[in-house]
Amino acid sequence: MQLASFFSLQLPAKARFFLLFSVSYLIGGWVTSVWMTGSWITGSWHSVAAVLPEQSIDLLYHRYDQDGQLIDGPAILIRKNLGNTVSVSGEYLVDTVSGASIDVIATASEYTEERTETSVGIDYLVGKSILSFAYVNSTENDFDAESIHLNVSQDLFGDLTTLTMGYSQAWDTIGRVNDDFEEEADRRHFRLGLSQVITKNMLVNLDVETITDEGFLNNAYRQVRFVSDSARGYDYQFERYPHTRTSNAFSLRSLYYLPYRASIKGEYRFFSDTWGIQANQFEIAYLHPLFEHWLMEFRYRHYSQSKADFYQDLFPFENAQNFLARDKELSTYKNQTFGFGIGYEFNSLLDGYIEKGSVNLLLDYIDFTYDDFRDVTREGFVAGQEPLYSFDAWVTRLFVRFEY
Amino acid sequence: MMIKTNVLLMKCVLLGSLLLSGGCAEIKPWVKPYERDSLADPIMNFGRLGIANSYMHHMYQSREGARGAEGGSGGGCGCN
């Protein structure tokens, strides 16, 4: 309770300004401190009241099943309020990998078998502003990532508008199993979001995010192939990426409440980066309640992208150019997702200790079709003439939420 | 050059703050609190699936070239 009382203290405005500016400056330099403090000033001028997220326990089992590769595991998130102005949360997630993707089959490289992600976060409510901070740590046997996240969100104009600004910084350490190889990469994210009530039946969200990377940005195992005199007609060498990358993403999404109790969600996202990749994503979803407690969801998502400037499926010779990539995520391709979900919402469990909650089963089918990434596991073809690669995958999520 | 950019950025942020602080006093919400039933329905919540959504973003990020602006800017109906 003492901790709750401490966080419930309403610091003077000058003290909050100084605290936010100092923390932002120490973490991200002074562009970041201006960014974060400016957003807080913008937000807090007309402060009256806002609300923290609900106290909840979220449980997730996730499973990604691709031909020959299975990644699954649990995740748990617990959120607890301390007083009326602070909410703290902790999350733990595990990915267990078994089987192998086409990259592993083609070049016999090894991949990690387990990834664990831990995060802690705190949200601080000040009038109509919510200041959020989170720390995330992700660990594999050949990859470590740490990141911090600052966000400020503010309700404006009779609570019809929510403005959000955020900054994240991440530090990656990249290794290789059975090797003393070690490299580093740093990432910075700048986010700006706007959520707007348009009518009594319609919401719109706008998001813009710029990410800058610096350091070792390629996969430590992945290789490119080049034409050679070998029997199969090609050999491999390690990928080589630029040491910097900057990307911009913009998204517009909307929810519309239909004349009967159901909703439609539409989304468009555009992406481009300094490596020459451009991507477009469209999504539409339909949510339909059934009877009193059930909810059905249908979803379709389409994603397409152009390749990076330095990507090729088969280079003409070894070290053909400064930068070399044959990562299929940097090739020209598209994918489609067909999703279905069913949920059951319940009220009051365990003598009211659980106020409400839901159980949701979500199933997604995704197919990937590549335009310039060839399937080298197919035998009997001249190098560079192999059939184009494609695959499909099933993603299953079982998600349970208890609000207390 | 960097300093000039930073000063310009700071001026923009402060100017934006002043404009917002001066202007919004006159704006009245065009959707009244008693008209927000539909917006308060859980089916109108972008973040309804919490960590299940976060997992999907991670799953797509590791298989696609694009990243960022996946959502989560929050906001909602202003029902409280």
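Predicted model: local features only at pLDDT ≥ 70, side-chain atom pairs only at ≥ 80, totals over all residues.

Residues are numbered from 1 along each chain as its sequence is written, and chains are lettered from A and ligands numbered from 1 in the order in which they are written.

**Chain B**
- Chain B holds three helices and zero strands, where helices (H or I, at least four residues) and strands (E, at least two) are DSSP runs numbered from the N terminus.
- Of its 80 residues, 32% count as buried, that is, 20 or more other C-beta atoms, placed from the backbone, lie within 10 Å of the residue's own.
- Buried residues in α3(B) include G50(B), I51(B) and Y55(B), and the buried residues of this helix pack against β1, β2, β3, β17 and β18 of chain A, contact meaning C-beta atoms within 7 Å.

**Strand pairing in chain A**
- Strands β12(A) and β13(A) run antiparallel and are joined by 11 bridges, pairing being defined by at least two DSSP bridges.
- S247(A) stands opposite D273(A) in β13(A), and five residues lie between the two strands of this hairpin.

**Nonpolar cores**
- The largest nonpolar core has 17 residues, and A308(A), F310(A) and A325(A) are among the members that touch the most others; a core is a set of buried Ala, Val, Leu, Ile, Met, Phe, Trp, Tyr and Cys residues joined through C-beta atoms within 7 Å.
- Apart from it lies another core, of 12 residues, including Y257(A) and F46(B).

Conventions:
Contact = placed C-beta atoms within 7 Å.
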